[in-house]
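Here are a few notes to go with the model, written as numbered points. I hope they are handy while you have the coordinates open.

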Amino acid sequence: MRETRAAKIGGQINAFVLLLIALTCLAPVVNILSISFSGKTAVETGQVYFWPVDFSLFSYKLLFDGTRIVQALFNGIEVTLVGIVLSMIFTICAAYPLSKGYFLGRRPYTLLILFTLVFNGGIIPTYLVLKWLGLINTYGALWLPGMISAYNMLVMKSYFESLPSEVEDAARIDGCNEWRLLLRIVLPLSMPVLATMILFYGVSYWNMFMNVLIYINSTEKYTITVLIQQMIQSQAVISESLQNDAQSSADLVPMGIQSAGIMILILPMAIIYPFLQKYFVKGIMLGSVKG
């Protein structure tokens with residue numbers, strides 16, 4: 001069908017509006033990036049906008065040499081990687097049987113899971129349960145409450161339901177049991193939704209903030225998200241880290257080191273997302289066809 005002139009103009013207008021929105025979203029990130037690479041005088045006098053002024057790596061040097069950023073970075077990576085593995089295993093194990101019509105109790109279990117999307121136990125009961133389990137001040141307190149996202153599980157369940165039943169029937173005729181069927185047939189066919197769920201869980205664990213503050217008491221176990229927040233909230237956190245280095249303390253520009261920390265926080269997800277982006281839309285759309 002030939003595109004009309006009005007449709008072409010409408011498409012161009014939509015593209016222009018979306019471009020403006022994208023630039024608006026990118027502007028703060030570019031500004032923070034420029035500040036992190038700018039010199040002390042330029043940052044203090046407000047000369048930096050969207051391009052580094054007096055290019056310098058001093059903020060990053062102070063960040064890595066004078067703060068606990070490296071330890072917090074490894075803590076965040078540990079929480080994220082282990083959390084993704086646990087969440088994916090349990091989400092798959094919950095979604096797969098619920099996607100089968102022959103599973104007894106399928107509807108009641110699904111309704112119970114839907115119930116948790118609206119209601120939850122609250123912070124205090126959750127804290128008391130984790131304390132009773134002895135998980136306070138351990139990363140288990142971060143993994144256990146959010147191990148399965150009801151929304152993610154329902155999306156994955158819908159995706160499994162969309163797979164052709166003839167493929168599974170053929171595998172069963174060849175002698176596949178349920179575990180082999182899941183591992184050899186279903187999961188390889190479900191890469192779009194699996195990649196999407198990995199991205200969702202990864203962002204959730206990497207950006208986890210309140211749970212770390214509530215359940216983790218030791219500052220040595222803080223993740224990078226909490227450390228950066230403390231650095232932004234209080235200049236004293238940065239000054240205390242550099243108290244043994246008088247020269248560094250004298251040259252300290254709080255906004256520069258805060259911006260450098262924010263960029264370190266953003267970088268991992270920014271690197272990973274392009275590799276998963278091609279699966280993202282496909283996984284969400286196909287996984288939301290059935291409910």
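This is a predicted model: local features need pLDDT of at least 70, side-chain atom pairs count only at pLDDT 80 or more; totals for chains, interfaces and linings use all residues.

1. Let me begin with two helices, H4 and H13, which are oblique to each other. Helix H4 covers residues 69-98 and helix H13 covers residues 224-233; their packing angle is about 140°, and their axes lie 7 Å apart. The cut-off matters here: angles over 145 degrees count as roughly antiparallel, so this pair is placed among the oblique ones.

2. By class, the contact of H4 with H13 holds 6 nonpolar residues, with no polar and no charged ones.

3. The next pair is helix H8 (residues 150-162) with helix H11 (residues 191-206), packed at an angle of about 175° with axes 10 Å apart. That angle makes H8 roughly antiparallel to H11. From H8, the contact uses Tyr151, Asn152, Val155, Met156 and Tyr159; from H11, it uses Pro192, Val193, Leu194, Met197, Phe200 and Tyr201.

4. The protein has a mean pLDDT of 80, and 87% of its residues reach 70 or more.

5. Which stretch has pLDDT under 50? Residues 287-291 do, and for them the model has 8 contacts beyond four places in sequence.

Technical notes. Residues are numbered from 1 along each chain as its sequence is written. Side-chain values use heavy atoms; hydrogens and water are left out. pLDDT is the predictor's confidence in each residue, from 0 to 100. Contact means heavy atoms within 4.5 Å. Axes are lines fitted to C-alpha atoms, for helices over the stretch in contact, and angles run from 0 to 180 degrees between N-to-C directions. Helices (H or I, at least four residues) and strands (E, at least two) are DSSP runs, numbered from the N terminus. Angles under 35 degrees count as roughly parallel, over 145 as roughly antiparallel, 65 to 115 as roughly perpendicular and the rest as oblique. Ala, Val, Leu, Ile, Met, Phe, Trp, Tyr, Cys and Pro count as nonpolar, Asp, Glu, Lys and Arg as charged, and the others, Gly among them, as polar.
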